[in-house]
Amino acid sequence: MKINFRNIFISATAAAMLLSAASAMSAQNKRKITVAKPDLEEIRTSTLNPQSPYYFPKLMKKYESNDTTMTNDEYRHFYLGYMFQEDFDPYRVSPYASVTDDLRMKASHSKEEIDTIRKYAQLALADNPFDLRQMSFLVHVLKEKRKDMSAKIWEYRLEHLLGAIKSTGTGDSVENAWYVIYPMHEYDMVQLLGYEATDAKFIEPGYDYLSVIPDETNKTKRDKSAEGFYFNIIVPQQQYMLKHPEDDEEESVPVETPASTPDYYPDPDEIPAQ
């Protein structure tokens, strides 16, 4: 059986275009990233092996303790390795994710509103540590509340998770497609690169192509000549069908429409690649 991913992506496009472009990463947090196609079998076995330094619970412990010695390769195993964990489901939506949608649309917030957004963003991230949008919302309100140290911790995590995606390819072809563990991360990536997604096309056996146009509100100076980007979603598709065999071949999986995102995403295109 196969999920109709094309319908899923198109349904999310309009809302995804509301994502704002981000400021560049601070120079002190930049790390050189080697771009290479991931060995998913090695990542699978390593993150499931208790004797491996890449054992997923070990990486999660380092991540949650804000261990700054965590390497790019460890972040890469952490991000991609989550696809092989028992609780992974690429279309499960946290019940906390949309609670504060209306509040997040406001330009500024009261102290009580900031506390409410912070509370539910943290609950959503406890439920799904790879929710990049909730991470961005949390950074935004922490900065608004002048909790600068806490904001830097979450911003650091966000930067390196995005770097893990960027390390998997260039996005300019099926062969060099970016690997993502959640379909919505595709829209995050194209917006962070200064584009708006206008359409989506599913390519067998498990790739998505997002057509894009330059985001005119993004003032970052870089080439904006790309017409689209490719993403590899083979494993998320496989994992979904393994865990939901009851779904019909052409059934589309509902995806919650995201709210607009504040201007606090780091910019993955600013990460130098070797």
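This is a predicted model: local features need pLDDT of at least 70, side-chain atom pairs count only at pLDDT 80 or more; totals for chains, interfaces and linings use all residues.
**Core**

I started with the largest nonpolar core, which has 56 residues. Phe78, Tyr79, Phe130, Leu161 and Ile181 are the members that touch the most others. I then looked up which helix gives the most to this core, and helix H8 (residues 148–166) came out, with eight residues.

**Salt bridges**

How many salt bridges are there? I get nine.

I checked Asp127 with Arg92 and found their closest N and O atoms 2.9 Å apart. Asp127 sits in helix H6 (residues 111–127) and Arg92 in the loop between helix H4 (72–81) and helix H5 (101–104), so this pair ties together parts 35 residues apart in sequence. Asp127 is partly exposed at 26% relative accessible area, and Arg92 is partly exposed too, at 38%.

Still in helix H6, I looked at Lys111 and Asp115, which are four residues apart, or about one helical turn. Their salt bridge has its closest N and O atoms at 3.2 Å. Lys111 is exposed, at 54%, whereas Asp115 is partly exposed, at 28%. I also noted that Lys145 joins Lys111 and Asp115 in a network of salt bridges.

Last, I looked up Arg146 and Asp148, whose side chains form a salt bridge at 2.9 Å, N to O. Buried or exposed, Arg146? Exposed, at 60% relative accessibility. Asp148 is partly exposed, at 30%.

Notes:
Residues are numbered from 1 along each chain as its sequence is written. Side-chain values use heavy atoms; hydrogens and water are left out. A nonpolar core is a set of buried Ala, Val, Leu, Ile, Met, Phe, Trp, Tyr and Cys residues joined through side-chain atoms within 4.5 Å. Buried means under 20% relative accessible area, exposed over 50%, partly exposed in between (1.4 Å probe, protein chains only). Helices (H or I, at least four residues) and strands (E, at least two) are DSSP runs, numbered from the N terminus. A salt bridge is a side-chain nitrogen of Lys or Arg within 4 Å of a carboxyl oxygen of Asp or Glu.
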